[in-house]
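Please look first at the sequence and the three-dimensional model shown below.

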Amino acid sequence: MMTGRILAVALDDDQDVVLVRQRARQVSAQLGFSQQDQVRIGTAVSEVARGASRPGMGGRAAFQLREQDGRQHLEILVSATGQAGITAGEPDAESLRELAIVTAHRLMDACEVD
């Protein structure tokens, strides 16, 4: 199995969520995905990235190509290492993460949570 890193984006605020959505569409276009798939990939990535983009979360999105069983796969890893506080009036952060993951599962061929 071979992996090639394409791009990494820090997720610190809402502007970074917009940026990672744009990068997801650009990378998928460069890799030859259809217009519809580009939109699906950008939407799925931005939904998950939104939960990792709060201040103090240490969020990152990493784009990489993975070769497995003779086929290449675009893999986008969204991670967060910190804990963000919940502000009064905001929806529960855990509920937002769960909704984002459900959305990503619906849009993508494969989606894993660790």
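The paragraphs below treat a nonpolar core, a serine, a pocket and two further residues in turn.

This is a predicted model, in which local features need pLDDT of at least 70 and side-chain atom pairs count only at pLDDT 80 or more, while totals for chains, interfaces and linings use all residues. Residues are numbered from 1 along each chain as its sequence is written, and side-chain values use heavy atoms, with hydrogens and water left out.

In soluble globular proteins, nonpolar side chains tend to be buried together. A nonpolar core is a set of buried Ala, Val, Leu, Ile, Met, Phe, Trp, Tyr and Cys residues joined through side-chain atoms within 4.5 Å; buried means under 20% relative accessible area, exposed over 50%, and partly exposed in between, for a 1.4 Å probe and protein chains only. The largest such core here has 11 residues: V9, L11, V20, A24, V27, I41, V45, A49, A52, A61 and F63. At least two residues of this core come from each of β1 (2–11), α1 (14–30), α2 and β2, and α2 supplies the largest share, four residues. Helices (H or I, at least four residues) and strands (E, at least two) are DSSP runs, numbered from the N terminus.

S28 lies in helix α1 and is buried, with a relative accessible area of 0%. Its side chain reaches the backbone oxygen of A24 at 2.8 Å; a polar contact is a pair of N or O atoms within 3.5 Å, where within protein one must be able to donate a hydrogen and the other to accept it, and residues adjacent in sequence count only if both atoms are side-chain atoms.

Consider next the lining of the largest pocket. On a 1 Å grid over the protein atoms alone, a pocket is an open set of points where a 1.4 Å probe fits, with protein on both sides within 12 Å along at least five of seven lines, and lining residues have an atom within 4 Å of a point. The lining comprises 34 residues, of which I76, L77, A110, C111 and E112 lie nearest the centre of the pocket. β3 gives the most, with nine residues.

E112 belongs to the segment after α3 and is exposed, with a relative accessible area of 79%.

D69 is found in the loop between β2 (59–68) and β3 (71–79), and at 75% relative accessibility D69 is also exposed. Most residues other than glycine have a negative phi. D69, although not a glycine, has a positive phi of about 55°.
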